[in-house]
Amino acid sequence: MNTQNGQSIFDIDFRDLGGLLLRSLWILILCFSLCFGYIYYTKETVKVPLYTASATMYVSNSNDVKYIYSTSDTYNAQKLIETCSVVIKTNKVIDKVVEQLDGKYKASEIRGSINVSSVQETEVMQITCTTDDPNKSAEVCNAILVVVPDILKENIKVGAAEILDEAQVPTAKTNLPSFKQPFVYGVAAAVIAAVIIVVAYLLDTRIKSKEEITAQYGIPVLSDIPNFNVKAKERYRTYYEHK
């Protein structure tokens with residue numbers, strides 16, 4: 001819909017909108033602060049520091065000593081490592097690890113903390129254990145090193161494994177509280193609040209100034225009766241709401 005002078009009643013006064021957002025800056029800051037604080041204190045401060053210990057073994061798909069290297073040996077060893085990664089997490093093997101540790105830790109504490117993988121697609125198998133106790137992480141890793149050769153012999157019935165590096169007690173912590181996620185949520189809350197303010201502004205069709213009367217209806221305003229108890233724009237808004 002256009003007015004007599006060709007100006008649309010839906011034209012946006014960006015200067016007025018910018019002023020509105022500036023005046024509403026405290027609302028945006030409040031939304032950011034509340035959301036940031038809630039996410040940080042409910043999600044981040046409750047995080048428990050974790051420690052990861054690591055050990056390595058050389059895995060061969062054969063017990064025989066070979067003097068000629070073949071790429072097929074590497075491939076077969078990698079497949080053997082993949083098999084070990086599955087077998088190690090079975091109840092039977094986990095029970096052996098618990099037994100090796102003299103029952104110091106429960107099977108349920110160990111199972112989810114173990115990860116087995118091939119180092120850069122080689123015959124080297126890396127065993128990691130991540131727990132909330134650095135000593136526990138190292139002890140579980142070293143217990144697995146002892147159990148793996150028996151796994152290959154008794155369960156998989158092929159291959160051999162030799163210890164390269166035993167696990168050391170880790171000192172580096174992971175899973176520490178971070179400001180990243182709370183900051184993202186805080187910004188999202190502020191943006192949503194800004195969108196609500198802009199939408200409310202666009203849906204507000206009330207007359208706010210005599211310039212708007214001239215622009216929308218194409219008639220001049222010869223005079224007005226000011227209301228000194230309200231701001232300039234509120235005078236026209238109040239008048240036309242009660243007209």
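**View 1. Tyr105 sits in the loop between H4 and H5.** This is a predicted model: local features need pLDDT of at least 70, side-chain atom pairs count only at pLDDT 80 or more, and totals for chains, interfaces and linings use all residues. Residues are numbered from 1 along each chain as its sequence is written, and side-chain values use heavy atoms, with hydrogens and water left out. Helices (H or I, at least four residues) and strands (E, at least two) are DSSP runs, numbered from the N terminus. Tyr105 has a relative accessible area of 10%. That makes Tyr105 buried (buried is under 20% relative accessible area, exposed over 50%, partly exposed in between; 1.4 Å probe, protein chains only).

**View 2. Tyr105 meets residues beyond its sequence neighbours.** Neighbours within four places in sequence are set aside; the contacts of Tyr105 are then Val98, Ile110, Asn135, Lys136, Glu139 and Val140 (contact: heavy atoms within 4.5 Å). Lys136 is 31 residues from Tyr105 along the chain, yet their C-alpha atoms are 8.3 Å apart. The Tyr105 and Glu139 side chains form a polar contact at 2.7 Å (a pair of N or O atoms within 3.5 Å; within protein, one must be able to donate a hydrogen and the other to accept it, and residues adjacent in sequence count only if both atoms are side-chain atoms).

**View 3. Asp102 has a positive phi, near 60°, and is not glycine.** Asp102 lies in the loop from helix H4 (91-100) to helix H5 (107-111). Asp102 is exposed, at 72% relative accessible area.

**View 4. Glu121 has a positive phi, near 55°, and is not glycine.** Its loop lies between strand E2 (114-118) and strand E3 (124-131). Glu121 is exposed, with 63% relative accessibility.
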